[in-house]
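Work through the exercises below with the sequence and the structure at hand. Each task is followed by a solution in steps.

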2 protein chains.
Amino acid sequence: MITLAIAEDHQALIDGIMSYMEFEEDIQIVGHANDGEALLELVHKKQPLVILCDIRMPRIDGIAVTRQIIKEYPDTRIVAFTMFDQQEAITQMIAAGAVGYILKNSSLEIVLEAVRTVAEGNPYFDKKIQFNEGNKNSSKSLLSTREKEILGLISRGKTSHEIADQLFIGKSTVDTHRKNMIRKLGLSGAGELLRYALEKKYDF
Amino acid sequence: MITLAIAEDHQALIDGIMSYMEFEEDIQIVGHANDGEALLELVHKKQPLVILCDIRMPRIDGIAVTRQIIKEYPDTRIVAFTMFDQQEAITQMIAAGAVGYILKNSSLEIVLEAVRTVAEGNPYFDKKIQFNEGNKNSSKSLLSTREKEILGLISRGKTSHEIADQLFIGKSTVDTHRKNMIRKLGLSGAGELLRYALEKKYDF
DNA sequence: CGGAAAATCCCCATTGATGGGGATTTTTTT
DNA sequence: AAAAAAATCCCCATCAATGGGGATTTTCCG
């Protein structure tokens, strides 16, 4: 029997996973938490074997909470679970002791597969992120310096016009950078780009 | 001499505060941190009297880190420092042990005043937030249930059109709610509203 | 030096969101 | 029951951003 805990700040997603796993005989969901602090408490009480853990959470984030959990219960299998393919975040989660990594847009079938794989003692990494560590250009960031600078300003809620003024460049240039980033990152729309900017604030 | 630490994930803001306080004879900045974990380390090393602490930070957020610091060093004066007037967050920071609260759009003069006030042992609360706890409608949220629901969907990156479809209402209704929220919260633009939604994910 | 990558700028049609109005219906509170 | 608040919808002009082109100039690396 695999004991599983889910830590994720979107309750809707927790509900979905729970109802999906309800009929899996080998998996028992021992609890869920909406933030890192609650997860710590839960782990103290139930000591689950596997934890599905969002990286970005209130109170204590996935990386910090993974470090703490692994320190206390080294045999816990923590699977990082996040929206974006964040190379930095992956590295840090692995360093903290995670043994699996999946993206939130994966099917629940993948999630289930990941849970079973790590429960057996094997690592599990989402196929979609292999290209980022498997091939040659592993260490270089997708975004250029200028793009990161602009993304930083976007994450502070600034519009293209304001960014242009601040950097003494044209609005059209900012728009071009925006478009290039959206294309490079495979996102769609200003909302996702802003989310990405805020969520990815792991690397600087 | 007031020993001060700054915890804030925007380095630019730290730099600004540091250069502003450089010439204040009674204040010594003993360090700064970009996330909650780094702040904990810093506090262990330097034991500052006053801490300016952002609520939303990577690793460990302001509320959780305040709890931990106050547990270890009960005499530390922690001033919460955030972008928005979040009633829930204020309450939780106070509960965690903070003795001051200021908004990031305050002048650095206010910041200085707050640091000196809490250093003397008095609480300091930004005047701009007084109305929220001083008058009659103290406990009720600014936003209605429907507005919060829509804000939740906005924070998941959805557009007005998508939200309208999902809630079986007209796009114009969603737009109206959006506008009302922006007006009520004193924000400007979709970017700030999305930031607010993500940052404010403290109350649910 | 020479080519690749980065950064700069422009046009255009379309979609999304803002801000200013206004209006009706339902629900809640007094 | 009357007043207040919440939720619904509409019009319109304007601004912001997307996605599709294209183009030039710097800057960096081999």
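Two residues are in contact if their C-beta atoms, placed from the backbone, lie within 7 Å. The model is predicted, so local features need pLDDT of at least 70 and side-chain atom pairs count only at pLDDT 80 or more, while totals for chains, interfaces and linings use all residues. Residues are numbered from 1 along each chain as its sequence is written, and chains are lettered from A and ligands numbered from 1 in the order in which they are written.

**Exercise 1.** Describe the contact between chain A and chain B.

Step 1. Chain A puts 18 residues into the contact and chain B puts in 17.
Step 2. On the side of chain A that touches chain B, helix H3 (62-72) and H10 each supply at least two residues; helices (H or I, at least four residues) are DSSP runs, numbered from the N terminus. H10(A) gives the most, five residues.
Step 3. By class, this side of chain A has seven nonpolar, three polar and eight charged residues. Here Ala, Val, Leu, Ile, Met, Phe, Trp, Tyr, Cys and Pro count as nonpolar, Asp, Glu, Lys and Arg as charged, and the others, Gly among them, as polar.
Step 4. Of the interface residues of chain A, 89% are also interface residues in chain B, so the copies meet through the same surface.

**Exercise 2.** Determine how H7 and H10 of chain A pack.

Step 1. Axes are lines fitted to C-alpha atoms, for helices over the stretch in contact, and angles run from 0 to 180 degrees between N-to-C directions.
Step 2. Helix H7 (residues 145-155) and helix H10 (residues 189-199) of chain A pack at about 100°, with their axes 9 Å apart.
Step 3. That makes H7(A) roughly perpendicular to H10(A), a label for angles of 65 to 115 degrees.
Step 4. H7(A) makes the contact with A:Leu151, A:Ile154 and A:Ser155, and H10(A) with A:Leu193, A:Leu194, A:Ala197 and A:Leu198. Six of these residues are nonpolar, one is polar and none is charged.

Notes: Angles under 35 degrees count as roughly parallel, over 145 as roughly antiparallel, 65 to 115 as roughly perpendicular and the rest as oblique.
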